[in-house]
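User: I'd like a close look at one part of this model, the pockets and whatever lines them. Please walk me through it.

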Amino acid sequence: MLYPQLTASRMLISLDGFWQFAADHHNDGEEQGWHTGLQSDREIAVPASWNEQYQDLMYFFETGWYEREVEIPQHAQSEKIWLRVGAANYLSTLWVNGIEVGQHEGGHLPFVFEITEFIKFDRPNRITIRVDARIMPDRLPPGAVPEDEMIIGFKGQYPSNYYDFFPYGGINRPVLLFTTPDSYIQNIHTSTKLSGSDGEVNVRITMKNKISGTCRVSIRGTDSSLNRKLTANEADVEIEGCLRVSQARLWCPEDPFLYELEVQLMDDQGAMVDQYVQKFGIRTVVIEGTKLLLNGKPLFLTGFGMHEDFPVLGKGVHPAVLTKDFNLLDWIGANSIRTSHYPYSDEFLHYADRKGLLVIGETPFVGFVRSHYQGNAIRDKAQRVITEMVERDINHPCIIAWSLANEGDTFVPEADAFYKSLYDHAKSLDDSRPITIINCLDVEEDVALKHYDFVSINRYYGWYEQAGRLDEGCRVLDAKLDRCYELLGKPVMITEFGADAVAGVHVDPPELFSEEYQAEMTCRQYEIIRSKPYTIGAHVWSFADFKTSQTPSRVVVNRKGIFTRDRQPKLAAHKLKELWKQ
Ligand code: GCB
C-alpha cells in the first residue's frame, strides 16, 4: 500500500499527539473490555516509545493500550477510510468503535487497515490500539532464546532480548488517517535502467478499479507518458509499462535528483477519480567483480551502523532528530548508513532520498539461533517480513542494498537452506539491488555467506578481541580481511568496527573506553579497510551512543557512538571528519 498522501483525490489527517494510555500488566485488557472504553489513567505522546515517558514504564514489557476519539468530516462519506500506523512494537490490534478491525505482527514496519465500515459520521469514533511488547523467542527480532544456543554475549541481560538495543514498546511512528476514492491506485513499483544517457523507467501499477476509464502515467517535467484503457473490474487490475527519459539526470549522493511519477485514474468522461505522485530516482546499482557500482561508477561506502534511538523518544521518530542526524552525517562526510537492525521509518528514507544518503536496508532479523531454523514457521514469518519491507521501500533510490540478517548463527548446517531461502525470496521480489547478510564470527565455518552477493562482516579486533592491544588488533584485522576475500572471492563490506568511549574520559597512552582509544582505533582500522582492493565499504559502529538492556558490559548505554546519545561529537568524530572530508 502506498505511503499516504494528500492529493487532489485523497485526504490525509495526522492522529499524532496525545492519546489515552493504560498499561495492561496482566495482558487481559480485552477480557476486561478495554476495547470498548479504556480505563485510562494518563496521556501519552504518539509517536514515541512509552518507556521513557513515565518512570514506571521504563521496564514495562507487557501490553500497552492506546485510545483516542476522532470525528470524520461528512464529505468523506463517499470515500474509503484507512488508518495507517508507521510502526508499533510489537504485536498490534486495532479496534474502531469497539469492533476489532485487524492485527499486525512486527515492530518496524507499517500496517494499514481499511476502516470505512466501522466509521460513524454523526458522532466521535473511538480508535483503540493494543500494542503487545512482550519479548519472545519467535518474535522478530527474538528474545528469551535458549542460552545454550546463543553464539554471542547477552546471557542473563535484563530484559532478556537477544540483541544489543533496548526493546522499546509502543507506537513509535506516525498514525495517519487517510481516504481514497472507491476506485483507487493501490501500489506503484518503479525500477530504473540506463540506456546510454537515457533512463528507462519500468512501472507496475496495481489498482482497485470499478469504473471504465483510463490510467494515465507521466513523469512530470518530461514528455514521457503512457495511457492504458481500463474496464470496470471487481478484482485487482495491474498495468505495466516502460517510460523513457532522455538525457536522464541520475540520482547520486552529489545530485540526489528525484523525478515525480504522476499516476491518474480517469473515468470515461475524463474526470479524475484518483491521483498519486510517486517520487523516484533514476540510477543503477550493481556488483561487478570486486566493485560496487552506482550508475556504472565504483563507490566506497563510508558511514555508520545506526539506531533509531533518542532520549525520551526511545524509538519514536521525530523530525528534529532526523534533521540533526542528517546534518551530522553530512558534517562528518558519511555517504551511507545501514538501518541496523530493522527497517527505519518512512520519514528517514524519504529524507535519505532527498539528501542522497546511501542506505543498506536491514530486516529485523538480528540474532537467529539454531532452533529458529527448525520447521518452517520462522522462515515463513521472515519471508513475510521481507515482503512487507521490500513492498514498502522498493521505490526509494537511497536503498542500494538489502541486508537480510545481522549476526545470526550461520555456523550450523541448517542455516544453509534457511538463509538461501531468504535470499531467493528477496531476489524474487527485487532483483535490482545486491543482497547481503552479516557475519560476526570467523567466515571459515559460515554456511550462509556464499549465497549472497557481497560479504558483510562485523569485526571488533582491538576491542572484544585483542582488547587494549591496538597494534595487534590492526594486524589481525588486516590478515582476516585478506583471508575472507581469499575464501569467498566476493567484495567485502565491514558493516561494523569500533570501540566504546565514555565522553570526557581521556587517557594517554590510549586505553579502552577513552576518547583517544576510540579515535585511534577507528581511524587506523578505517585506513586498513580502505586500502584493500576488494572492500566496498567501512561502517563504523556506531553513529551515536544508544540505550541497551542492562548488562555488566554496558554503562546505561552502548558507548560505541562517535556522537553521544544527545548528538555531541567525541574526539573520533573530528578525526573521522578529517579522513572522510579529504
Ligand atoms: C555487534 C552487533 C551490534 C552491537 C555491537 C556491540 O556486533 O551487531 O548490535 O551493538 O556488536 O557494540 O557489541
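Analyst: Happy to. The lining of the largest pocket is made up of 10 nonpolar, nine polar and 10 charged residues (Ala, Val, Leu, Ile, Met, Phe, Trp, Tyr, Cys and Pro count as nonpolar, Asp, Glu, Lys and Arg as charged, and the others, Gly among them, as polar). This is a predicted model, in which local features need pLDDT of at least 70 and side-chain atom pairs pLDDT 80 or more, while totals for chains, interfaces and linings use all residues. Residues are numbered from 1 along each chain as its sequence is written, and side-chain values use heavy atoms, without hydrogens and water.

The largest pocket holds about 640 Å³ of space. It is lined by 29 residues, and those closest to its centre are Ile152, Gly153, Glu407, Tyr460 and Tyr464. A pocket here is an open set of points on a 1 Å grid over the protein atoms alone where a 1.4 Å probe fits, with protein on both sides within 12 Å along at least five of seven lines, and lining residues have an atom within 4 Å of a point. Its volume is the space filled by probe spheres set on the points, which are joined across faces, edges and corners.

The second largest pocket has a volume of about 540 Å³. Cys252, Pro253, Glu254, Asn335 and Gly356 are the closest to its centre among the 22 residues that line it. Two or more lining residues come from each of strand E22 (297-298), H1 and H2 (helices, H or I, of at least four residues and strands, E, of at least two are DSSP runs, numbered from the N terminus). H1 gives the most to this lining, with five residues.

Just after H1, Gly333 takes a positive phi of about 90°.
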